[in-house]
Amino acid sequence: MNCRNFFIAGMVLMLAGTAMAAQPMTAPDGDRFTQEDADHLNRAIQNALAPVYPYLAEHIADRFQLRKRSGVGIDIGGGSGDLVLELCRRTPDVYWINTDVNTFAAEELYRRALKQGCAHQIGSAFADAKLLPFRDEYADVIVSRGSLQFWGNLRKGFSEIHRVLKPGGQAMIGRGFPENMPLDVAKEVRKNQGGGMPKYKPEELVKQLKQVMKQLKIKEYEIIRPKLDQQEVSYGVWVVFSKTPRLRVGYAQTPEQARAELAEFKQSYSNLAGWEKRKATIRQGILEGARLTNMPARTPLKPQYFDKRVYDGYAVEEVAIQSSPGFYVTGTLYRPDGIPGPYAGILCPHGHGGRFKVDRPKRCAMLARMGAVVFLYDMVGYGDWKEAGWNHKETPEVLRLQTWNSIRALDFIQSLPNVDSERIGMTGCSGGGTQTFLLTAIDDRVKVAVPVCQVSAHFFGGCVCESGMPIHWSKHHKTNNAEIAALAAPRPLMLISDGEDWTQHTPETEFPYVRQVYRLYGKTDRVENVHLPEEGHDYGESKRMAAYRFLAKHLKLDIARVQGSDGKVDESPVVVEPYEKMLVFGPGNPYPADAVKPNTPLP
């Protein structure tokens, strides 16, 4: 490489900043390319291909929703940067890096970027597609038009692109024209383009791209042949693919790493406005990860009630609602008896094992005796779902369905007569604890939350209903369950933890982080941690007593109704019912004929 090329290569590599890979890189051969090559390519683009790039930039910005996003984009083999310059016009918060094997192309790029007023938004790198000088998981989006025919090895090129993409990042690579380019413009470009470009058979390229996707185990991809129905002009071949988002499952990090991560999160904001911005990003990341950004239609719930029983201070009946047509959410509804309304409403999602364990109906009945309408509903694959043939672990996107069921359960409890929509609480243990802090994070209608034995910064839930979708980490956000719980602020929140599971560090790790978020609102009196170091993973009596006090205080329940003469809460009046009694459907009440088949994905 001559001295001039070496200087330019060093300059443009620096502009990519922290993008550079840590491992030694082998630079392309700079002496193979000259100023004459760069000028020739630029003239060819200006004379023939210039009309392509505004349409292509429009298509990319719209397809990847880049107009209001920030991040890093890379154009591979971009020459003097026509596509990057057009993309800058449409994506003001995306930093674009133009890469090419010809260092001379960078000079023209920067001259035009200065003239356009977007030089601050552009970097340049001397790079070969088969060995990109960027660290792993650096870019949000990677594009390339017309360079793949020069790569020599498609698999290596696509492997590098996949390496550099962030989890959830997207790429659009190909040759030809975008779908939105008018046919008359495409004809004019082809007429002016002339010969000289490598010939190829589109069908053969499609086969090669499919083979590469299979080899690299890229499952989320689409081969596109724009306007294939017209034969006058070939629009070429494109492949669009995504990098599978990263899941944080189970013990995804150590307690020490979790503490360091929370400290890093805390450094990303310094005041309430900064936290509110981060909160919005995390909430959006959860919704996107759970595929609930565009939620299913809120169709009629069509509640059905069965077998009402009346006990000391409360009434019980079985309920079925439809979260979506044919998706029957079943459970037990507990109502106060002999207490005038209006009532608080409380959702009680259960943990793994079902809603029939003694502690679960017992706490619901007690809360009803204090003046709350309580809905204890089945998780997917438990109770009536299980009887109908559903399998919790095999239901597609069970986290999405379960969270949607919780949203609709909240719709249901708010719809009941005499329920005060400003006094809605939620509490559950283990998997029910996950549903509690997740729904509270994304739905402000939950006014008070008590997640039990589940809020941990190093443990993310080992079940697909908790961590089987990318709610914790995407190209836009990274978080953990302690921070998701903090999204409840400034609404009242109690974390109940113990000494024998992943919540054993809550007093010194998770709770201080959550409390400092509440401090930003000036509401530290609304957040508590009850830690029971000698206890284990359950919603046992001491945990229930703590929850009763907190829920009664913030939902304005009458706890005196359930206290004995000694001032202690007395659970003895509660009638514990058998499994068969609490099922909604059975021999005398068959499962609905219009129910969807077991393990059907939510629309």
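A: What follows goes through the sheets, then the helices.

The model is predicted. Start with the open sheet of nine strands. Its order is β8-β9-β10-β12-β11-β13-β14-β15-β16. The pairing is mixed. β8, residues 304–311, and β16, residues 527–532, are the edge strands. Each of them pairs on one side only. From one strand to the next, the twist averages 20 degrees.

Now the helix on this sheet. Helix α13 spans residues 398–415 and packs on the sheet. It touches β8, β9 (314–324) and β10 (327–336). It also touches β11 (343–349), β12 (372–377) and β13 (419–429). The direction of α13 makes about 125 degrees with that of β9.

Helix α14, residues 431–442, lies across β11, β13 and β14. Its run is at about 140 degrees to β13.

β14 covers residues 448–452, and β15 covers residues 493–498. The two pair in the parallel sense, over two bridges. Valine 452 has isoleucine 496 of β15 opposite.

Turn to the open sheet of seven strands. The order here is β3-β2-β1-β4-β5-β7-β6, again with mixed pairing. At the edges stand β3 (122–126) and β6 (221–224). Each has a single partner strand, so one side of each is left without a neighbour in the sheet. Neighbouring strands are turned by 15 degrees against each other on average, with direction ignored.

Helix α4 (residues 82–90) packs with helix α5 (residues 105–116) at an angle of about 20 degrees. Their axes are 10 Å apart. Angles under 35 degrees count as roughly parallel, so α4 is roughly parallel to α5. The crossing of α4 and α5 is right-handed.

Which residues make this contact? From α4 come Asp82, Leu85, Cys88 and Arg89. From α5 come Leu109, Arg112, Ala113 and Gln116. By class, the contact of α4 with α5 has four nonpolar, one polar and three charged residues.

Note on methods. Residues numbered from 1 in each chain as written. Predicted model: local features only at pLDDT ≥ 70, side-chain atom pairs only at ≥ 80, totals over all residues. Heavy atoms only, no water. Pairing = 2+ DSSP bridges. Helix = DSSP H or I, 4+ residues; strand = E, 2+ residues; numbered from the N terminus. Axes fitted to C-alpha atoms, helices over the stretch in contact; angles between N-to-C directions. Contact = heavy atoms within 4.5 Å. Parallel < 35°, antiparallel > 145°, perpendicular 65-115°, else oblique. Left-handed = near helix turned anticlockwise from the far one by under 90°. Nonpolar A, V, L, I, M, F, W, Y, C, P; charged D, E, K, R; others polar.
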